[in-house]
Amino acid sequence: MPWRRCPATLCTWLCRSTNPGPTTRPVTSTTAAPSGTGRSAPTAATSLPRTSTSATPSSPVPGSTTRPPRSSSTMRPTSPRTGRDARCRERQHRAPGLVATSDDPASTAPPQWAGDPGGSLMGTMTLAEDLLVGAGWQQRLDGLRERHGVPGCQVGLMTADGDLRVLASGLAGVGTGVPVTPETLFHYGSAGKVWTATLVLQLVDDGLLDLDTPVVDVLPGFTLATPGYAERITVRHLLTHTSGIDGDLFTDTGPGDDCLDRYVASLAGATSVTEPGGPLSYCNSGFVVAGRIVEVLRGQTWDEAVAERIARPLGLTHVLTLPHDAPLFRTAVGHLVDGDRVRQVPHWQSPRSVGPAGSVTGTAGDLLRFAVAHLRDGEGVDGGRVLSPGSARLMRDKHVDLSHLLSTYDGWGLGWMLSDWHGVRVVHHGGNTDGQIAQLRTFPELGLALCVLTNSEHGSALTDAVEAELGPELGLTPGLPVPDPDAADADVTAVLGRYESTLMVFELEGGPGSLAARFSVKGQERGAPIPVTPLGGDRFEVEFNGARREFARLVHDGREFVHLVRLIERAR
């Protein structure tokens, strides 16, 4: 039976080793965990450092680097990138509508960082000594979390040279009363798509495929309901959400190791939103297909590939993809909000069959270590490599341009979303699944990664608030929807009406000064009206669960859509 749940349909749009490790300053909530509950799994590798229950700055980890206090976050100088070769070159032709990018995913020159004799590939921000450390920041985070009604969260920062800060607040679940600590695992949701994309780029590095390889070359049985479409879909289409496949198919094909194979077979009856290579439409289904490609070419399950080819080289000890591993760790559970009532979701994780689209679960610390490996062009802070430098750069290059359509998204890379925060490039991905919302942002030119993990469907509003709080400390201004000067005079009549996908209904009603939207899952109660603000042209803003989000009207081949990162077509 298809698995259906409303938050997943708006997933991205709403979110917007034993060697000495990186400098770590985790701070926990002031309430101690009950004895014997949610202990971390024993591992042979070094896990995140345990901290005291005091909300005071922790002592440096043995072997870590201490820095003198600084009045503000500063930037180290940059030097140009050098040294690229042509190993695993891509084909020269490009899929329709995609942005041409560099054709050399590999580089023989190792990355160099601030303090290395040869300089650095990018700047590395030095964080202020007290940033996200101590009782003051703990109180600020506790206050923001409580204001937005979120039971628990983790907030983390990490620089490319390994300075890691994690702050935790609240409860892992209202039903258990177990506090969140830096070692609590949260769902990364669709941020896990970047992990799947990383596994695919590893295949490119190893010469097993290239981005323009047709999917049917690897999966001969792959087919769709529209004749001829499956044969035209390439690996690049899957990673850029331009395959055209209906993206909201959450079919549960069971917990066995064959679940991805069976999921791909189920797509024989799947419709397509657009033709392959058409406008970007967010596609969970395409990432499951990508995960299946990894399984076939590696001879192992996607879950095994994540563990062996990403987590192990990077020394990530608090990451899982399978629910039977969850009891080994302290784990957060998702929460839904009904008026003033907050309740736990009655399940913990999505079906295994959609794992490559968003089932990676872990701590803020391990998510940041993964992100920093991308900032370091494929190499982790402890020296483990998961990608060639060229492939890591290729993932954050623009492959699809959205700047003409939305003010909050510049485009799409391979797995990554691309945005601009007032002149600062942001490479990022969010996640929303099972009552948990995550946001991961990297700033390549700053050598900085930031994440917020929450266990509430209202987590997007908290994420926005945290980013607004941290922004001035980092010299950053978060990007928000930008109205045109004549936005108040915009004619909204053309966008009014009912729009439908396989799973959801989006309605726009009213008129100038009274425009409203309703979001509903088919077969469930009709959603309440939410005010919509015209931004000018065909762009609009809506506040959903306390977070401001942008959408647009799009006409393609004579068909009308609203673009909520995914395309939803006007009902006929």
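This is a predicted model: local features need pLDDT of at least 70, side-chain atom pairs count only at pLDDT 80 or more; totals for chains, interfaces and linings use all residues.

Biologist: Is histidine 422 buried or exposed?

Modeller: The cut-off for exposed is over 50% relative accessible area. Histidine 422 has 60%. Its phi is also positive, near 50 degrees, in a residue other than glycine. So with that accessible area, histidine 422 is exposed.

Biologist: What about aspartate 377, buried or exposed?

Modeller: Aspartate 377 is not a glycine, yet its phi is positive too, about 55 degrees. It sits in the loop between helix 11 (364–375) and helix 12 (389–396). Buried means under 20% relative accessible area. Aspartate 377 has 0%, so it is buried.

Biologist: On to the rings. How many aromatic pairs are there in the whole structure?

Modeller: Searching the whole structure for them gives a plain count. The number of aromatic pairs is 10.

Biologist: Of what kind is the pair of phenylalanine 519 and phenylalanine 544?

Modeller: Their ring centres are 5.0 Å apart, and the planes make 80 degrees. Planes over 60 degrees apart count as edge-to-face. So by that cut-off the pair of phenylalanine 519 and phenylalanine 544 is edge-to-face.

Biologist: How many residues apart in sequence are the parts that this pair ties together?

Modeller: Phenylalanine 519 belongs to strand 18 (residues 516–521), while phenylalanine 544 belongs to strand 20 (residues 539–544). Both phenylalanines are buried. The parts the pair ties together are therefore separated in sequence by 25 residues.

Biologist: Which residues form one aromatic cluster?

Modeller: Phe519 and Phe544 are both members.

Biologist: How are helix 3 and helix 13 oriented to each other, roughly parallel or roughly antiparallel?

Modeller: Helix 3 (residues 135–147) packs on helix 13 (residues 459–474) at about 150 degrees, with 9 Å between the axes. The crossing is right-handed. Angles over 145 degrees count as roughly antiparallel. Helix 3 and helix 13 are therefore roughly antiparallel.

Biologist: How far is the charged end of lysine 193 from the centre of the ring of phenylalanine 287?

Modeller: Lys193 in helix 4 and Phe287 in helix 8 are both among the residues where these helices meet. The charged end of lysine 193 sits over the ring of phenylalanine 287. The distance to the ring centre is 5.9 Å.

Biologist: Last one: what separates the C-alpha atoms of leucine 567 and aspartate 246?

Modeller: Leucine 567 lies in strand 23 (residues 566–570) and, at 5% relative accessibility, counts as buried. Its contacts beyond four places away in sequence include Val273, Pro279 and Phe561. Leucine 567 and aspartate 246 are 321 residues apart along the chain. Their C-alpha atoms are separated by 9.5 Å.

Terms used:
Residues are numbered from 1 along each chain as its sequence is written. Side-chain values use heavy atoms; hydrogens and water are left out. Rings of Phe, Tyr and Trp (its six-membered ring) pair if their centres lie within 6.5 Å; planes under 30 degrees apart count as stacked, over 60 as edge-to-face and the rest as tilted. Helices (H or I, at least four residues) and strands (E, at least two) are DSSP runs, numbered from the N terminus. Buried means under 20% relative accessible area, exposed over 50%, partly exposed in between (1.4 Å probe, protein chains only). A charge sits over a ring if NZ of Lys or CZ of Arg is within 6 Å of the ring centre and within 35 degrees of the ring normal. Axes are lines fitted to C-alpha atoms, for helices over the stretch in contact, and angles run from 0 to 180 degrees between N-to-C directions. Angles under 35 degrees count as roughly parallel, over 145 as roughly antiparallel, 65 to 115 as roughly perpendicular and the rest as oblique. A crossing is left-handed if the near helix is turned anticlockwise from the far one by less than a right angle, and right-handed if clockwise. Contact means heavy atoms within 4.5 Å.
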